[in-house]
Amino acid sequence: MSAETTSVLSEELLDDFFAEADEHLLGIRQALVQLEASVGKAQADPKIVEDLFRDLHSFKGISAIVGLAPSEAVAHATEDFLRLMRSGKAQLNAKGLEVLRASSRKLEQIVAAFRLRKPLPGYESLLADLRAQCDSISTSSLGLEPAGPQTDAFQTTLLTNVEDARARGLLLWKYTFSPSHELNAQGVNFNVIREQLLTIGEILKSTPLVRGKGEIAFEFLVAAKETPTDIVTWEARGVTVQLAEEPELKPGSSIEALAFDEEAHSPFLAPSHVVRIDLKRLDDLMRIAGEMVIHRSRLDAQIARLDPRSGRVDLRAVQEVNGGLARSLRELREAITRIRLVPVAEIFARMPFVVRDLARETLKKVRLKLEGQDTAIDKYLIERLKDPLLHLVRNAFSHGVETPEERAAASKPEEATIELNASTVGDSVMILVRDDGKGINPNAIFQQAKKLGLEIPAVVDSASILKILCSSGFSTRDDADRAAGRGVGMAVVYATVRELGGTLTMESEEGRNTQFKLHLPLTLAIAEMLIVKSAGQTCAVPQSCVREILHTTDAQIQMVNGIEAVPYRSGVLPIVRLADLFRLRSIARPKMCLLAITSERGSVGLLAEEILGQKEVVVRALRDPLIQVPGITGATELGDGKPVLILDGAALTAGIVRPVELFDESGRASPLAMQN
Amino acid sequence: MSANLESYVLFELAGSVYGLPSRGVQHIEMFEHVTLVPNANPSIDGVVFSRGQVIPALNLRVRFGFPREKNTLRTRIIFVTIHDRTVGLIVDTAREFRNLSRDAIRPIDETLTGINGKYLKAVTKVSERLVLILDLEAILNVDEVQSPHSSQAIPAQNATV
């Protein structure tokens, strides 16, 4: 690592690196302490190995970003060793642990030297130790193929292939084939399985595995676009299927996107064109683009006011530039939106396992059909839809699908079908969850609702049945089984879909099928809001325009030039009462909340009775011209089906939000302005 | 349905029966909650969610110049769609769907064009009761809704002190 290279890196980036590196090094140290207990055991505690692996992997990644090749190389070689341990091919002995500790120490030394801009310590002998560990394992346990030590070149190719497959939106699957005499008698052998796998995707790697008692298995790493729906068929052929790496489940986690910095390449890292971006950063980007749109519209207004005859400006040229700016801005917003789109396969991929596990516990036979897996939807939607869809599939299995005997009696094929189908319709996405089970019996639902004391709708149609199904506390089961029956699921499904600005509908033919249809917007505008309340009216104020939250009492409010105001910093802050905006009488409170809202037009204090909290909400546009009013930028929902208006900070500061016009005793509207 | 019949939704408003062609009606709901909207026209009681969209709820009594009345259990919102717009109309109560004969629907009589005449399209009779057929397009005409009040622009308040 030369001084010239580091000097081009921004200090900020380096600070981030050191902070993150310390975190991972700490994690590595802790994992190694825990790993001591695994020395000499047949297999090291997989959870600890996994933690260690993850820390090393992240550490390797950030080392590559700052171009710290030595620490990257050490982390990489250590990972190789761990990989063998993780796959159960290696036991952890005292020597192995010693080498791992040496790696950890070396990484710390490298980072410390890098931080102090001192010459970096050598690490070649450690690399040799690590390789020796890998080699001893590879040669001692694998007698099948001249697999030998996996060279760096081989690893690099594999990594390239993996990254490449990911970049193409393929999912990685681990197919493990355990041959047996019985299977061989049926004509199922290594070559047959290999051929079959080639029809569904690309085999990136095949590794022989040795299990206890001399049993052999083969592990294939397959990159495929589609989620296998026939894992039961595979299992019959002695093949187990696993998702090679579970996509991250945390909301707000990173997504794959964009190009990688050329600088970050090193002989130890395969060239990659993928970088992980925190969703939050994309949201920031979108917010900035949104602000630019607002600034541009102000520019528009200013240009409109220019006098073409004044001769001091070439109005045509200015308009042209402005038009170009508008186009670029639109493209920018679209590009950001596209980055957020990921294939729905990310959710679908879990379903075959869910269905298989459920089928194992019961006698039901189910075939899963997945359609439209490459339908791309917003990452935020993916995260939010994971649980609702899982619930719908479980419901379909538990409540819809019958036992093979019941199905035979109803002259249906023994094997039931659960179908998941995603498609885009215009600017919305539709996801269907359909089963060909016993359908829904409206009478049974109504009776159960009565028994539970729920409100009974007057009409019997699918909408009212759905309403009952989605009421919290409704369950058709008296005892909760594993798959469904806790009576909270459908209510959560319904609330989530609604919160995302979508709709949920249901259709069912008794004895034949049930179908849930989710309609959702393809992309979402999400923003951080402060939720405030006054006189029973709840409103949302964009967090971005709130500078400060203060408390105030009535005594502090003074009249200044006929306007209510409170002392604020060195001057006064004019106030607007939230209740007044809606022409409602505010409830007297000893202490009121005051939101200091600032925009380039000035500052204003919004007086509210309570602040209910801060929330990330889905912003919905007010499309109809009847409700496109100044001061309101959109609406959202907090889970109860009631629209909550989003106030426009800039309009508040400019004083253009006036109260709702109330009607007097005669019923005639009497317009009233806000001032005084 | 015979070619000569057309389905209408019949509803009540201030003692009269009105009709809207069913094909423009999306669904009808009980009046539960509307969120007030500052700055909106007086006839807009607020907004409601319907099928994931934020929909204006227009008080037909106010629109037609009748006195406002408190919402009751019978109050309904009729969601109508026209030219890709969906608007909820708040009415006293919705009565029924009825197939009306096209032959029996007559153009509006001049003498009937009173306070809400411009929103009426035709008239017919259902079991001896007069049913006024509405002109949705005229009711939802934005300029028309905005004009009576919004012409008085509120001067921007200068907030600097």
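Two strands pair if DSSP finds at least two bridges between them. The legends below describe close-up views of a predicted model.

**View 1. Five strands of chain A form an open sheet.** The strand order is E8-E10-E11-E13-E12, and the pairing is mixed. Strand E8 (366-371) and strand E12 (503-509) of chain A stand at the edges; each has a single partner strand, so one side of each lacks a neighbour in the sheet. On average, neighbouring strands of this sheet are turned by 10° against each other, direction ignored.

**View 2. Strands E10 and E11 of chain A run antiparallel.** Strand E10 covers residues 416-425 and strand E11 residues 428-435, and eight bridges join them. A:Thr424 has A:Val429 of E11(A) opposite.

**View 3. Helices H14 and H15 of chain A lie across strands of the sheet.** Helix H14 (residues 351-361) lies across E8 and E10 of chain A and runs at about 170° to E8(A). Helix H15 (residues 379-400) lies across E8, E10, E11 and strand E13 (513-521) of chain A, at about 20° to E11(A).

**View 4. Helices H17 and H18 of chain A pack at an angle of about 40°.** H17 spans residues 442-451 and H18 residues 462-469, with their axes 10 Å apart. The two helices, H17(A) and H18(A), are therefore oblique to each other. H17(A) passes H18(A) in a left-handed crossing. On H17(A) the contact is made by A:Pro442, A:Ile445 and A:Ala449, and on H18(A) by A:Ile465, A:Ile468 and A:Leu469. Of the residues in the contact of H17(A) with H18(A), six are nonpolar, none polar and none charged.

Conventions: Residues numbered from 1 in each chain as written. Chains lettered and ligands numbered in written order. Predicted model: local features only at pLDDT ≥ 70, side-chain atom pairs only at ≥ 80, totals over all residues. Axes fitted to C-alpha atoms, helices over the stretch in contact; angles between N-to-C directions. Helix = DSSP H or I, 4+ residues; strand = E, 2+ residues; numbered from the N terminus. Parallel < 35°, antiparallel > 145°, perpendicular 65-115°, else oblique. Left-handed = near helix turned anticlockwise from the far one by under 90°. Contact = placed C-beta atoms within 7 Å. Nonpolar A, V, L, I, M, F, W, Y, C, P; charged D, E, K, R; others polar.
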